[in-house]
Structures are given as structure tokens and as C-alpha cells.
Amino acid sequence: ETGEVIIRRLVTLEDYKDTVEPETWELLLKLADAFRGKKLINISSTPQGGGVALMRHRLIDLLRLLGIDAHWYIMAGDGKVFEVTKKKMHNVLQGVSFLKLTESDKELLKKWWRDNFDKRITGVARDADVIIIDDYQPSGLIELIEKINPKAKFVYRSHIQIQSQLIKDPPQRDA
């Protein structure tokens, strides 16, 4: 399994065009034309159930309608990793929990990132021009991808509210 999310077409390019002003549409076409010939991949942790997934489905569809080579891949699930990422990263970053990442947690995450990289990401990231990392769950892939594709540009998108004043101190800094 490659982990690529299958995108269903729900609307046409004309449907998108009807939602914006002509100047905005022309700008979108100009930007798409400038990006054509490049490969964009998105990596996230889940294909459904939240805002990232809802946005990503439609964005990938729009990009493809515009002629851009765009793909979306998800990490293989792991219940133990989910417990760490939810309780010791997500909740900590939002300031609603103060559980600390243990060395065992860090090793579990490193193994999970390496397994996903080896089984799902290596082949698709090797020739990508732009790689969008959605949230912290797949963030450990960045340093692995950089080794096989140093020319790739990364965009990290955090979709959760992070209290920046908390980041300077543990446990948020560690998360």
C-alpha cells in the first residue's frame, strides 16, 4: 500500500471559476501556469475526520484540474503512536496537558517515521519539488526526505492553535 489518498472529483474547473472574481481567477491561472511541470506532494496523518482532510481533498482536486501534478499521502496508523501524538504532543502544544515525552515515546516516533518513510514515502518524495507537511505527526519525515531529495522545498502547516509563549519551556518545547 502506497498510502496515497484517492480523490473524488465533485466539481468542475468551471464550478470553481464561478466562485471568485475574474481578477482572482486570472491570478490563480497565472500561478498554476508557473507551477506546472513541478511535483507537489502533501503528507498528513489521516484522510478523513478533520479540517486538514476536508481541505486537502478539495485542494488536490483543484490543483489537478489546473494541470498540476499533485498528490496526497498519509502515514500508516499506529495506536501506540496515536496515544503519544494526541496526549503528549497535540494536547501539550495546545496547553491543555503537561505530559512529557519520554525517551521511549521518542524512540517509538522515530521508528514510526522511519517505517513510513521506508514503506510509503521514499519513492514519492525522491522527485518532489514541493512537500507540504500537515501538522506535527509527519514532521519527523523532513530530515529523512532531505537526505534523498535535498532540492525539495518544504511547507509546514500547523492546523492547531499553538500558544507561542509556551514553546520556550518544557513540555511544549520538547513536544
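Q: Leaving aside its neighbours within four places in sequence, which residues is I41 in contact with?
A: Contact means heavy atoms within 4.5 Å. Apart from neighbours within four places in sequence, I41 is in contact with H71, Y73, V124, A125, A128, V130, I131 and I132. This is a predicted model, in which local features need pLDDT of at least 70 and side-chain atom pairs count only at pLDDT 80 or more, whereas totals for chains, interfaces and linings use all residues. Residues are numbered from 1 along each chain as its sequence is written, and side-chain values use heavy atoms, with hydrogens and water left out.

Q: How many residues does the largest nonpolar core have, and which have the most contacts inside it?
A: A nonpolar core is a set of buried Ala, Val, Leu, Ile, Met, Phe, Trp, Tyr and Cys residues joined through side-chain atoms within 4.5 Å; buried means under 20% relative accessible area (1.4 Å probe, protein chains only). Here the largest core has 25 residues, and I41, I43, L109, I121, I131, L141 and I145 have the most contacts inside it. The elements giving two or more residues to this core are strand 1, helix 4, helix 5 (103–125), strand 3 (130–134) and helix 6 (141–148). Helix 5 gives the most, with 7 residues. A second, separate core of 17 residues includes A53, W72, V130 and I132.

Q: Is N42 buried or exposed?
A: N42 is buried, because its relative accessible area is 0%. This residue is found in strand 1 (residues 39–44); helices (H or I, at least four residues) and strands (E, at least two) are DSSP runs, numbered from the N terminus. Beyond neighbours within four places in sequence, N42 is in contact with R56, I60, H71, W72, Y73, I132 and D134.

Q: Which residues line the second largest pocket?
A: On a 1 Å grid over the protein atoms alone, a pocket is an open set of points where a 1.4 Å probe fits, with protein on both sides within 12 Å along at least five of seven lines; lining residues have an atom within 4 Å of a point. The second largest pocket is lined by L28, L31, A32, F35, L40, L59, L62, L63, L66 and I68. Helix 2 (22–35) and helix 3 are the elements that give two or more residues to this lining, and the largest share, 4 residues, comes from helix 2.

Q: Which residues lie nearest the centre of the largest pocket?
A: S45, T46, F82, Y136 and Q137 lie nearest the centre, among 26 lining residues. Helix 4 gives the most to this lining, with 5 residues.

Definitions and conventions:
Buried < 20%, exposed > 50% of the residue type's maximum accessible area, 1.4 Å probe, protein only.
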